Amino acid sequence: MESDQPANSADELSTKQREFAGYMLTASYGVQYVGEFFCRQTKEQLWINLYVGDTVALGLIRGQIYSVSQILGFFITPMLGGLSDSFGRRPVLIFGSILYQVATLTVLSTGANLVGLMAYEIVMPIAARAMGLPNRAGFGDVFQDDPIVF
C-alpha cells in the first residue's frame, strides 16, 4: 500500500522554499532602496553645493547626465538579460551589487566633485538594472504556479 506522505512533504518543502525565496528577494530590494535613500540625501546636497544659485546650469547638466544614463540602460538591459540567461542570475545580481557599492562609495568619497557625481549618475541606473532584472525574474519563478499569491 503506497502512502502519499513523501509527495506531500516534498510539496511542503517546495512551498517553504518558495516562501523563503520570496522573503529574500524582498529583503534584497529593501537593502537596495535603503542604501539609495541615504546616498540620495548626500548626493542631492553635493549637487546643490556644486551649483550654488545656478539652477539653470544644474538642471541642464543633470538632464544631460540622466539622458546618457537612460540611453546606456536601454542598450545594457538586454545584455544583462543575456548574461543572466548564460551565467545564471546570481553572478549578474552580484555584479549589480558590486557596481552599486562602487557607485555609492565613489560619490561619497569624491565629495563635491563633478566627475564623481557624473560617474554615480551614469553607473547607478546600470547597477539598479543589474540588481533588478534577476530579482524580478526570481519573483516570477517563485510565484509562477500560484498567481493569486503574488
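Is R62 buried or exposed? With a relative accessibility of 13%, R62 counts as buried, where buried means under 20% relative accessible area, exposed over 50% and partly exposed in between, using a 1.4 Å probe and protein chains only.

The structure is a predicted model, in which local features need pLDDT of at least 70 and side-chain atom pairs count only at pLDDT 80 or more, while totals for chains, interfaces and linings use all residues. Residues are numbered from 1 along each chain as its sequence is written, and side-chain values use heavy atoms, with hydrogens and water left out.

**Exercise 1.** Work out how the buried residues of helix α3 are arranged around its axis.

*Solution.* Begin with the extent of α3, which covers residues 89-110 and spans 32 Å from its first C-alpha to its last, close to the 32 Å expected at 1.5 Å a residue, the expected span being 1.5 Å times one less than the number of residues. Next, list the buried residues of α3, which are V92, G96, L99, Y100, A103, T104 and V107. Seen down the helix axis, these fall within an arc of 130°, so they line one face of α3, the arc being that of the directions from the axis to the C-beta atoms. The face turned away from this buried side carries the exposed residues R90, I98, L105 and S109.

**Exercise 2.** Classify the two aromatic pairs.

*Solution.* Rings of Phe, Tyr and Trp (its six-membered ring) pair if their centres lie within 6.5 Å, and planes under 30 degrees apart count as stacked, over 60 as edge-to-face and the rest as tilted. W47 and Y51 are stacked, at 6.3 Å centre to centre with 20° between the planes, and W47 is buried at a relative accessible area of 0%. F74 and F75 are edge-to-face, at 5.3 Å centre to centre with 80° between the planes, and both of these residues are exposed.

Definitions and conventions
Helices (H or I, at least four residues) and strands (E, at least two) are DSSP runs, numbered from the N terminus.
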